[in-house]
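Thanks for making time this morning. I would like to walk you through one structure, so please bring up the sequence and the model together.

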Amino acid sequence: MQKKTPDYDNVFKTMKSKHKRLFISVINDIFGKEYPMDAKVEILPSEGYLTEDETADGSSDIKEQISDFLMKIGSEVYLLECQSYDDGSMAVRIAEYAFIVARQFASWDIGHAVIPMPRFSIIYVKRTDRTPKTTKITFTFPDGQSVDYESANVILEEFTKEYIVEKQLFPYIPFYIARYEKEITSGGSIEDAVKDLEYFRDEMVRLHRGGALSDGEIVDLMGFVNTIVTHITNGNKNEERLVNIMGGTVIETESEKLIRQGIQQGVQQGIYQGRVQMIIEMGQDDGLDDAAIINRLQSKAGLSQEQAADYLQKYGRQLA
């Protein structure tokens with residue numbers, strides 16, 4: 001049985017709070033913008049609204065709903081909502097979120113108020129026969145006027161891995177594996193899933209080497225991938241193989257773990273060993289000699305000279 005945990009939401013929200021820069025390319029792709037990757041990004045407070053649900057015994061249960069992602073670049077405000085599946089109430093929820101946002105930027109005078117609505121899009125991690133291509137909210141007024149407030153949805157199953165890498169849509173990478181959920185959980189072939197994860201791992205390493213991803217960003221992205229993998233596999237026979245592609249089981253954000261637990265404990269985690277191995281491989285690919293790679297391991301991974309030499313011997317390729 002699938003674990004009933006909000007892993008998809010947690011990954012999305014952790015990415016937005018820790019790595020908001022990575023969402024600039026997502027905004028550019030969805031809304032046709034050309035913001036530079038060093039544009040100033042402001043994450044707005046996700047103010048909630050209250051809903052009333054009826055419980056099994058007929059009583060009322062008040063719950064606070066929180067919008068996923070409010071982002072401001074320049075004068076533009078963007079609302080992104082991450083959804084696992086289609087939801088019949090999604091359009092109404094977007095309207096409520098949008099008004100909460102608009103209220104923050106409203107202007108008014110005696111007898112007149114201007115309420116600027118944000119741009120919005122819904123990102124669907126999975127697709128069913130009911131998943132809509134667009135979300136439209138129609139406002140009707142007593143005098144017969146009506147206004148359509150509409151935006152195209154993002155359906156991740158329609159994105160190829162090549163397009164995601166080309167456009168540097170890094171926040172989509174952790175969720176890509178969800179398209180193979182049936183095969184992973186039913187005992188079917190997972191070879192396509194393995195190949196795609198290996199592709200993303202190799203491309204992230206390449207982009208990290210070129211400066212498109214920082215150390216913290218690549219480590220956390222690999223960790224987010226494994227969070228989704230472990231959610232889907234739920235401990236089945238495919239979990240170990242899929243998790244090891246990115247470098248070990250990940251329970252929390254790796255950059256935070258290494259800071260909190262210290263390098264020595266981090267080394268014991270598979271993901272950190274994968275990080276050490278990646279530094280070695282990148283050094284060899286760049287043509288560095290053993291001494292330079294050992295120095296890089298000391299500076300980037302906090303290893304002693306003896307530890308660095310041991311890891312180089314263990315993970316390094318024998319060069320002619």
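I will begin with a helix, then turn to the nonpolar cores, and finish with a cavity.

Please keep in mind throughout that this is a predicted model. Let us start with helix H8, which covers residues 215-233. At 1.5 Å a residue, its 19 residues should span 27 Å, and the end C-alpha atoms are 27 Å apart, which agrees. Of those 19 residues, 17 are buried, so H8 is largely enclosed by the rest of the structure. Following the helix comes asparagine 234, whose phi is positive, near 50°.

In soluble globular proteins, nonpolar side chains tend to be buried together. The largest nonpolar core here has 61 residues, and Leu80, Tyr172, Phe175 and Ile177 are the ones that touch the most other members. H8 provides the largest share of this core, with 9 residues. Apart from it lies another core, of 15 residues, including Val77, Ile94, Ala98 and Ile137. If we leave aside neighbours within four places in sequence, tyrosine 172 is in contact with Val26, Ile30, Ile123, Val154, Leu156, Phe159 and Ile164.

How many cavities of 30 Å³ or more does a search of the whole structure find? The search finds 1, and about 40 Å³ of space lies in the largest cavity. Among the residues that line the largest cavity are Ile173, Ile177, Asp196, Phe200 and Val225. H7 gives the largest share of that lining, 4 residues, and by class the lining has 8 nonpolar, no polar and 1 charged residues.

Terms used:
Residues numbered from 1 in each chain as written. Predicted model: local features only at pLDDT ≥ 70, side-chain atom pairs only at ≥ 80, totals over all residues. Heavy atoms only, no water. Helix = DSSP H or I, 4+ residues; strand = E, 2+ residues; numbered from the N terminus. Expected span 1.5 Å × (residues − 1). Buried < 20%, exposed > 50% of the residue type's maximum accessible area, 1.4 Å probe, protein only. Core = buried A, V, L, I, M, F, W, Y, C linked by side-chain atoms within 4.5 Å. Contact = heavy atoms within 4.5 Å. 1 Å grid on protein atoms, 1.4 Å probe; cavity = no way out; pocket = protein on both sides within 12 Å on 5 of 7 lines; lining within 4 Å. Points joined across faces, edges and corners; volume = space filled by probe spheres on them. Nonpolar A, V, L, I, M, F, W, Y, C, P; charged D, E, K, R; others polar.
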